[in-house]
Amino acid sequence: MSGTIPRGRDAGLAPALLVAACALLLVFAVSCLPRQGDLTSPSPLPAKIAAPLPPVPPGGTLRVLVDLGEQVDLERLGRAHARRNLTKHERRAAVIAALDAVAARSQERLLPVLEDMKREGLVRSWRGFTIVNRLLVEATPAGIEALARRREVVAIVPETETREPVLAGQAAQPAEKTSWGVAAIGTDAAWTMGLDGTGVVVGLIDSGATAVHEQLAPGFRGGERSWLDPKGGSAAPRDSHLGHGTGVLSCAVGANAAGVTLGVAPRAQWIACAGLPEGRFNNVLLTICADWMLTVGRPDVLLAAWLLPSEGCDRSFQPFVDAWRAAEILPVFPAGNRGPGERTDRSPANYGGLYPGGRAALSLGGLGRDGGPWEKTSRGPGACGSSTFPLLSAPAEELVAAFPLSSSTYRRGQGTSFAAGLAAGAAALLLQHHPETSVVELEEALTGGAADLGEPGPDGAFGYGRLDVPGALARLDRIRAKSGRYNLPP
């Protein structure tokens, strides 16, 4: 491997492509070669290996994530975009181009070092990422220690994988034909208005999903930019863990085919990346999927129905969430199924301090059929500084969900993952209604239009209240009218 740092699906970022990225940044008045402290934030911290390296046999190698010090300052970049009144798609393109140019320039400087180390037998392979300035390197322990001594390297994290699944939901028991959850959030009112998710793309990072099921086959976008299986390498979408990804995705974009009503946005398209095969957390696979969603898939809404394995506040995934949000991709997370006790939250659902301006993650708690909190829904306060956790609540009990056993198999889904699926579908309806809506406006519409439950105002049991599609649509109309951008074209 020589000549370039392979990045994403490309063999390398050739000089011509770098020039093109620079030109695109210049179009948006963003410098391709920023000064220290301009668009990038070089780190003066010494490189450290974040955890002890596991033992390997003589000559054996490990995979590690290598973070470089130069990173894009998203807040500053966002302010530059705001001054230029860019459209949503222009903002997305500009963010991706800025991240790509900084990562490419920085990673290419390390290329001669990696090539020398390969010749010495210390490094076997490497590839670069755009979403953060990071490399995935397969190297011997000696090679990893040599990289840690490099000034431009600020952190090295070994590949880790949990033994137990971390997905926040389950599916069991035969199901009826109509999901009560779809009606409970007022979806019928949006359908009456002609809103069904047309023109919106929902992404999924999960155990995978099947495009064979009658509820998901019509909405799969298709093509090389719509499915990635970084571990198994399957060419066609598939689900590897008890149908979890298939089930939660069907709550968002199920086509409501064959007399079964379960999807909030039945005409939205979907894409997926199998970042949690068998439902297990793997930091390398999630990095690959996070980067692919930003640079290749580019959905409008991203359903991430899983939790990190560590308790409390784990900020390791926040750079991905910030980058998605800066690129106008709305990530939706389940609060978790560890309740009913307080402080049962986990990351990334409990993130506060997100781009832009320190906002909270869109986290979904669960509701039971009686309208109260689903018994297992996780509660706050959020360990990462979020003043309200969960942010919203949605049905999470006995929901009709597609199951990948056959093209027409269903189960009854249970868990906050399915609540997150309903919310992702609701966001798709809002985006069809006003395609130029930003991530922040979407969140404000969803929380501001929620039906208040429990004590007046946001609380630790329901957040801002029950997800309410008619209320969110009305709130979004007011937000767009007030901003003076009510009728901007897509």
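Arg-369 pairs up with Glu-398 in a salt bridge, with the closest N and O atoms 3.1 Å apart (a salt bridge here is a side-chain nitrogen of Lys or Arg within 4 Å of a carboxyl oxygen of Asp or Glu). Keep in mind that this is a predicted model: local features need pLDDT of at least 70, side-chain atom pairs count only at pLDDT 80 or more, and totals for chains, interfaces and linings use all residues. Numbering runs from 1 along each chain as its sequence is written, and side-chain values use heavy atoms, with hydrogens and water left out. Searching the whole structure turns up 22 salt bridges.

- A network of salt bridges links Glu-176, Arg-369, Glu-398 and Arg-412.

**Arg-359 and its two glutamates**
- Glu-443 forms a salt bridge with Arg-359, the closest N and O atoms being 3.4 Å apart.
- That pair links distant parts of the chain, 84 residues apart: Glu-443 sits in helix α11 (residues 439-448), and Arg-359 in the loop between β12 (330-334) and β13 (362-367).
- Helices (H or I, at least four residues) and strands (E, at least two) are DSSP runs, numbered from the N terminus.
- Glu-444 meets Arg-359 in a salt bridge too, at 3.8 Å from N to O.
- Glu-443 counts as buried at 2% relative accessibility, whereas Glu-444 is partly exposed at 30% and Arg-359 is partly exposed at 24%.

Key. Buried < 20%, exposed > 50% of the residue type's maximum accessible area, 1.4 Å probe, protein only.
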